[in-house]
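The stops below go from a single residue to the whole chain and then through selected elements.

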Amino acid sequence: MNRKLFSLTAFMLVAAATGYGGEKQSVVALGAQVIKLAGGFSFTEGPACDAAGNIFFTDIPNNRIHKWSLDGKLSVFRENSGGANGLFFDKTGNLLACEGGGRRLVSINPRGNVEALAEKYRGKPFNSLNDLWIDPKGGIYFTDPRYGSRDNMQQGGEHVYYLTPDRKEIKRVIDDMVRPNGIIGTPDGKILYVTDNGGGKTFVYTINKDGTLSNKKLFAPEGSDGMTIDNQGNVYLTTRGVAVYNKKGEKIEVIKVPEGPANVCFGGKDNSTLFITARTSLYSVRMRVSGAEQQQSITELGFEQDIFQTSAGELKIILIGHGTLMFDFNGKLIHVDPVSREADYTKFTKADLILITHGHGDHLDPKAINILRKEGTKIILTKACAERVAGGIVMQNGDERNVQGLKIEAVPAYNIVNKRSNGMAFHPKGEGNGYVITFGDKRVYVAGDTENIPEMKRLEGIDIVFLPMNLPYTMTPEMAADAAKAFKPKIVYPYHYGQTDPNKLVNLLKDSKDIKVRIRKMR
Ligand SMILES: [Zn+2]
C-alpha cells in the first residue's frame, strides 16, 4: 500500500472509530489528541510504568534510561544503560531491562543497583535482548533478535526465551521466527502475543503451566516493534502508527503519531494514558480504556469509562451497567444506584457520595451501599429509601442541595402511561428522584426510572443525560426522543434499557443534529 493511501485509510479508521451511537467507539478518549511530551532524543524505546504511574523509557543510542514523572519532569534514571531497549517493572518495583548492547537481562532496584538475571543460554551469549514481559508468577519472557551487524551471533538464530519464576532455568520457547521483537501477555498469564518483526507477522500462543508455549496462531498480518495490551484485551502494535487489534485479531483502529512509534505502554495516575516512544520523542494520549497491567484501576475491572473536560477538571463517567453509574471527578467518587448485581463493590475504592433514585431492587441495594460507605460518605436518597438505609440525606422532588462541593438537584421521576394491571403506576409521582449534578460547567442528569414527564421536558442547560428506556417500566424510544427534543441535552445515553434496542433512539434523533446519542453497555 502506498503511503498516501495508507494515511487516508488510517484517517478513515480513526474517524469511524470516534463516531457516536451504534458506531464503533474509539479507544482514545473523546476529543483527546496525541501530545508531544519531550523531544531531542536519538531513538526512544521501552516505555514502562511504575506503580505510581511514572514512565521510564530508553534512549538506545545515547545509552540512557529516562524517567518522565507524573508532575511532567524529565530526568535521567540511568547512564551507561548497556544499550537498554525494552523495560518492564516487576511487582516489587524493580525495573527490568533488556540490554541490547550488554546482551543481557538485568534488574535495577529503586536505588539503582543492577543485578544480571540472564546473560547466556547453554553457555553462549545472547544476540541482543530486545523486549520482555513478566507473567503473573514472576517468570520472564524475552526476545533476542539481532538488528544491524550479524557478527558474533552464537545462538544459531533469533529466538524467544523464558526465565522461570525461581530464576534458575532459561527455556527457549520459540525457535521458528525470523526476528522476534515485541512481546506482551494477558494479566491472567494465559495468553502471550509475540511479533515476528522479521517475518512481518504477529502470533498468539497459549501459555502452558511450565511457561512453554503451545497453540500458535496468526494474530495479525503485520509485524510490530514494541507492544502493549489494554483492560479490554485489545493489543497495540507499533507499525507506521499504533495499530489496535481486538482480541479476535481484528484491526479496530490506528492511532496516528507524528513520528514512527517504536513502543507503547499505559501509565499515568489512573493508568489511562497511552505513552508512545517514537524516534526522537515521547508522546502521550488520553485513553477511554486503561492498561491491563495495573490492578487498582476501575477500568481494570472491565468497566467502560467516558472522559469529559469541565471547567473544574476532568470528569470520568464509569458505565457500570443497567441503572448503575459512577463518576470520578478529580478523584471524588460518586456512585449512582450501586447494586451488587452489576459490580463487585469490594474491589472499589470507597465512595464520597452515593445517590439513590428509588427503592426497587435494581436501584437500592443496602449491601452495596454498606460496602462503599466510609466515614464521611454522604448518601442522598428518597424518603422511602431512608427507611432501609440509615444516616442518609433525604431529598424530595424539587429540592436542591450542595453536598461534597457539588450542586445536586432532585428532579421528579414517575410514570404517566405505564401502570401495573391494578392501575398503580410502576413508579408513582413523588416517590422517586432523578438527579442533576453540576460538575464545573457541565450539568449531568441521571433521570432514574421515569417517563417523559413535563418536569423533565422543562429542564435547561443539560449537557449529558441518562434516559431509562425499557418497557413496561419506563420509556419507549419514542418517549425518550420526545423528551430529548424538548430539553435538548448535548449527549444522551440510553440506560436501563433492558431488551429495548437503544439504536432506535439513534434513528429517532437523527435529524436533531445537536443531540448525540451514545450507546454503551447499560442493558
Ligand atoms: Zn429500574
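With its C-beta neighbours inside 10 Å counted, does R122 count as buried or exposed? R122 counts as exposed, because it has 8 such neighbours. The cut-offs are 20 or more other C-beta atoms within 10 Å of a residue's own for buried, 12 or fewer for exposed, and partly exposed in between, with C-beta atoms placed from the backbone. Select R122 in the loop between β10 (120-121) and β11 (124-125). Its phi is near 50°, a positive value in a residue other than glycine.

Before moving on, note what is on screen. This is a predicted model, in which local features need pLDDT of at least 70 and side-chain atom pairs count only at pLDDT 80 or more, while totals for chains, interfaces and linings use all residues. Residues are numbered from 1 along each chain as its sequence is written.

**Whole chain**

Zoom out. The C-alpha trace of the protein chain spans about 85 × 50 × 45 Å along its principal axes. The chain has six helices and 40 strands; helices (H or I, at least four residues) and strands (E, at least two) are DSSP runs, numbered from the N terminus. Of its 523 residues, 49% count as buried.

**Nonpolar cores**

Select L96, A97, L105, L132, Y141 and V242, the residues with the most contacts inside the largest nonpolar core, which has 76 residues. A nonpolar core here is a set of buried Ala, Val, Leu, Ile, Met, Phe, Trp, Tyr and Cys residues joined through C-beta atoms within 7 Å. Another core lies apart from it and has 69 residues, among them L353, M395, Y497 and I515.

Go back to L96. Leaving aside neighbours within four places in sequence, its contacts include L87, F88, L105 and I140. Two residues are in contact if their C-beta atoms, placed from the backbone, lie within 7 Å.

**A four-stranded sheet**

Next, show the open sheet with the order β1-β26-β25-β24 and antiparallel pairing. Strands pair if DSSP finds at least two bridges between them. β1 (35-38) and β24 (261-267) are the edge strands; each has a single partner strand, so one side of each has no neighbour in the sheet.

Strands β25 (residues 273-278) and β26 (residues 281-286) pair in the antiparallel sense over six bridges. A278 has S281 in β26 as its bridge partner. Select R279 in the loop between β25 and β26. R279 has a positive phi near 50° and counts as partly exposed, with 16 C-beta neighbours inside 10 Å.

**Around helix α5**

Move to α5 (residues 477-487), where P477, M479, A480, A481, A483 and A484 are buried. Their cover includes α4 (454-457), β38 (464-468), β39 (491-495) and α6 (503-508). Just after α5, K488 takes a positive phi of about 50°.

Step back to the loop between β38 and α5 to find P472. The peptide bond from L471 to P472 is cis, with omega near 5°.

Finish at I416, in the loop between β35 (406-413) and β36 (432-439). I416 is partly exposed, with 13 other C-beta atoms within 10 Å. Not counting residues up to four places away in sequence, I416 touches E451 and I453. Draw a distance from I416 to T474: their C-alpha atoms are separated by 9.5 Å, with the two residues 58 apart along the chain.
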